[in-house]
Amino acid sequence: MIKLTNVSRKFRTQDVETTALNKLNLFVDQGDFLAIMGPSGCGKSTLLSVLGMLDSPNSGEYLFNEQNITHFGERKLAKLRKSSIGFVFQSFNLIDSLTVFENIELPLQYLKISRAERKQKVESILKKVGIDHRADHLPQQLSGGQQQRVAVARALVIKPKLILADEPTGNLDSKNGEEVMAMLRSLNDEGTTVIMVTHSEHDAKYANRIIRLFDGQILLDKATETNCEVQYA
């Protein structure tokens with residue numbers, strides 16, 4: 001599904017050049033659940049941005065679903081990103097002035113889907129993540145765990161080929177964190193590819209594969225020793 005070959009990403013200021021990714025090679029198969037780990041500044045967030053087509057490498061090659069997107073323009077990247085990738089962020093990134101329903105509906109509007117079809121898709125995904133009883137609420141009326149469920153629903157409503165999650169439990173207590181991780185695990189069991197950046201060794205156990213970065217390179221890439229077997233209700 002994803003193949004990065006000798007990908008490098010450098011950031012330059014007037015006096016300093018920083019290498020965030022250094023000739024990195026990575027293969028992710030359809031249906032993988034990958035946890036990206038490593039110390040602060042090792043390149044985790046940059047890698048996630050490149051994978052999500054929010055940033056482009058300075059060199060190397062990126063294949064997504066067998067398409068070489070390395071030299072795609074922003075318009076073409078945006079179209080592919082909107083139809084193929086769902087994002088889940090630590091800070092939820094919900095729009096405070098929109099209801100739960102409207103927040104989840106937003107990606108479908110960008111895809112110019114009819115109102116009737118949008119309604120059906122949103123109602124279905126609300127039930128799937130167990131937040132349908134809060135459809136008319138505003139984000140600030142929800143708990144942190146509920147807001148993250150909404151964020152996951154918004155990522156899922158387009159039926160993406162890939163979910164990218166950046167510290168998805170970082171702002172949650174342990175109970176809500178467990179619920180969100182169980183949700184991601186269940187979605188992966190249904191066939192959705194998940195790539196997650198995390199500092200949590202506990203959360204990483206939900207993945208079936210862990211890579212550890214250091215100085216923009218992969219030091220370790222292995223299957224998890226113990227996959228968490230969980231049921232999401």
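Which residues of α6 are buried? In this predicted model, the buried residues of α6 are N176, G177, V180, M181, A182, M183, L184, R185, S186, L187 and N188. The elements that cover them include strand β3 (33-37), helices α4 (115-128) and α5 (144-156), strands β7 (162-166) and β8 (193-197), and helix α7 (201-204). The length of the helix can be checked against its residue count: α6 runs over residues 174-189, and at 1.5 Å a residue its 16 residues should span 22 Å, which agrees with the 22 Å that separates its end C-alpha atoms. After α6 comes G191, a residue whose phi is positive, near 115 degrees.

From this helix we can turn to a sheet. Four strands, in the order β2-β1-β4-β5, make up an open sheet in which the pairing is antiparallel. Its edges are formed by β2 (17-28) and β5 (67-68), each of which pairs on one side only. Between β1 (residues 2-12) and β4 (residues 59-64) the antiparallel pairing extends over five bridges, and within this part of the sheet L4 stands opposite Y62 in β4.

Because R209 lies in strand β9 (residues 209-214) and D32 in the loop between β2 and β3, the pair ties together parts that are 177 residues apart in sequence. With buried meaning under 20% relative accessible area, R209 counts as buried at 14% relative accessibility, and D32, with a relative accessible area of 15%, is buried as well.

The side chains of R81 and E74 also meet in a salt bridge, with a distance of 3.2 Å from N to O, and here R81 is buried, its relative accessible area being 13%. Finally, K10, R12 and E17 are linked with one another in a network of salt bridges.

Methods: Residues numbered from 1 in each chain as written. Predicted model: local features only at pLDDT ≥ 70, side-chain atom pairs only at ≥ 80, totals over all residues. Heavy atoms only, no water. Helix = DSSP H or I, 4+ residues; strand = E, 2+ residues; numbered from the N terminus. Expected span 1.5 Å × (residues − 1). Buried < 20%, exposed > 50% of the residue type's maximum accessible area, 1.4 Å probe, protein only. Contact = heavy atoms within 4.5 Å. Pairing = 2+ DSSP bridges. Salt bridge = Lys/Arg side-chain N within 4 Å of Asp/Glu carboxyl O.
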